[in-house]
Amino acid sequence: MNTTRNNYQAHVAILTANIIFGLGVPVTKFLLDTWVTPMTYMAFRCVGATLIFWAIAAFLPKEHVERRDLLVIMAGGLLGFVISQTLTAWSLQYTTPVYFSLIATLTPIATMLMAALFLGEHITGAKTLGVLLAIAGAALMVFVGWQSGTGRNDLLGIVLALLSVLTWVVYLLITRSVSQKYTAVTQMKWIFLVSAIAVVPFALGDVDKTPLISAATLNADWWWGALAMAFIVVFATVLGYFMIPYAMQYLRATTVSIYTNLQPVVASLVAIAISQDVFTWDKPVAAVLVLLGAYLVTRE
């Protein structure tokens, strides 16, 4: 009975997390277009998540982290959060939420390729087909974005999104063993602390270019920016990082990865509904190719 309930709660958790992550893409686009720069966006996330995770950790049993593991966790934070998420913010300045979210679904494919390259993991024929389909979908996005994309510079945005995915995958690989030894709260409190230390000095120069923290913009519209930033910090950062590890305790990795396919669906529907993007023929075709490729790669 408890196992059934845990499995049900895990499915609800992973479903909720991916809906939140999908919503986070157009919300981030809205913030970057109006209220924050990429660096102040990152600073808000880092500082907010640091305060929340350290506050939570204060009420939990203290977990000792070996010095070597702490260095790996901190290096992973710089790579997997600071660099990857900064690239994400820059990407969304140039391309649309739909293109970005479709590129993000290449994560399991990039993980498999890098694991095969550096860890010697075997690639089956079905997985090879999945990689080729995903590459075809990405190539279609690049071609259409270069020809007639609706973003400021879709080609540059797509390239930045690919780099964001690759840095995130490297983070997953180098922290694979450490992530099994410590709780999510312990890992996240150190990851976000080192991220905040790294990001805040660079964000200080952008303070005067950030309407969200300017007294001159304290009006009715300001609250929309504040609420959007709160959503990113509390839900798309902190809550998401809680839900994913919880779901992984009870669900297979393939099940969890399949749920990530919800992200481009949610992001695309919301972005088109609020006029951040327009519906064009290449988006559903690219989505089918990329999602089918991801399915083939994540099958056991």
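Colleague: How many helices and strands does the protein have?

Modeller: In this predicted model, the protein has 13 helices and zero strands. Read along the sequence, the pattern is α-α-α-α-α-α-α-α-α-α-α-α-α.

Colleague: What share of the residues counts as buried?

Modeller: Of the 300 residues of the protein, 49% count as buried. The protein exposes about 14800 Å², and carbon and sulfur atoms supply 70% of that area.

Colleague: Why is Asn7 called partly exposed?

Modeller: Asn7 has a relative accessible area of 27%. Buried means under 20% and exposed means over 50%. The value for Asn7 lies in between, so Asn7 is partly exposed. Asn7 belongs to helix H1, residues 2–34.

Colleague: What does Asn7 touch, not counting residues up to four places away in sequence?

Modeller: Asn7 touches Tyr250 and Leu251. The C-alpha atoms of Asn7 and Tyr250 are separated by 5.8 Å, although these residues are 243 residues apart along the chain.

Colleague: What share of the contacts joins residues at least 24 apart?

Modeller: Among contacts between residues at least 6 apart in sequence, 90% join residues at least 24 apart.

Colleague: Which members of the largest nonpolar core touch the most other members?

Modeller: Leu31 and Tyr41 do, in a core of 59 residues. Helix H10, residues 222–248, gives the largest share of this core, ten residues.

Colleague: What makes a set of residues a nonpolar core?

Modeller: The members must be buried residues of the nonpolar kinds, joined through side-chain atoms within 4.5 Å. Leu31 and Tyr41 are members of the largest core, so each of them has under 20% relative accessible area. In soluble globular proteins, nonpolar side chains tend to be buried together.

Colleague: Which residues is Leu31 in contact with, leaving aside its neighbours within four places in sequence?

Modeller: Leu31 is in contact with Val36, Tyr41, Gly225, Ala228, Met229 and Ile232. There is also a second, separate core of six residues, among them Val98, Leu102, Leu140 and Ala286.

Colleague: Which residues make the nonpolar surface patch of about 290 Å²?

Modeller: That patch is made by Leu155, Val159, Leu163 and Leu166. Leu163 is found in helix H7, residues 154–174.

Colleague: How do you know that Leu163 is partly exposed?

Modeller: Leu163 has a relative accessible area of 39%.

Conventions:
Residues numbered from 1 in each chain as written. Predicted model: local features only at pLDDT ≥ 70, side-chain atom pairs only at ≥ 80, totals over all residues. Heavy atoms only, no water. Buried < 20%, exposed > 50% of the residue type's maximum accessible area, 1.4 Å probe, protein only. Helix = DSSP H or I, 4+ residues; strand = E, 2+ residues; numbered from the N terminus. Contact = heavy atoms within 4.5 Å. Areas by Shrake-Rupley, 256 points an atom, 1.4 Å probe, with all protein chains shown as cover. Patch = residues over 30% accessible without salt bridge, like charges linked within 9 Å, V, L, I, M, F, W, Y side chains within 5 Å. Salt bridge = Lys/Arg side-chain N within 4 Å of Asp/Glu carboxyl O.
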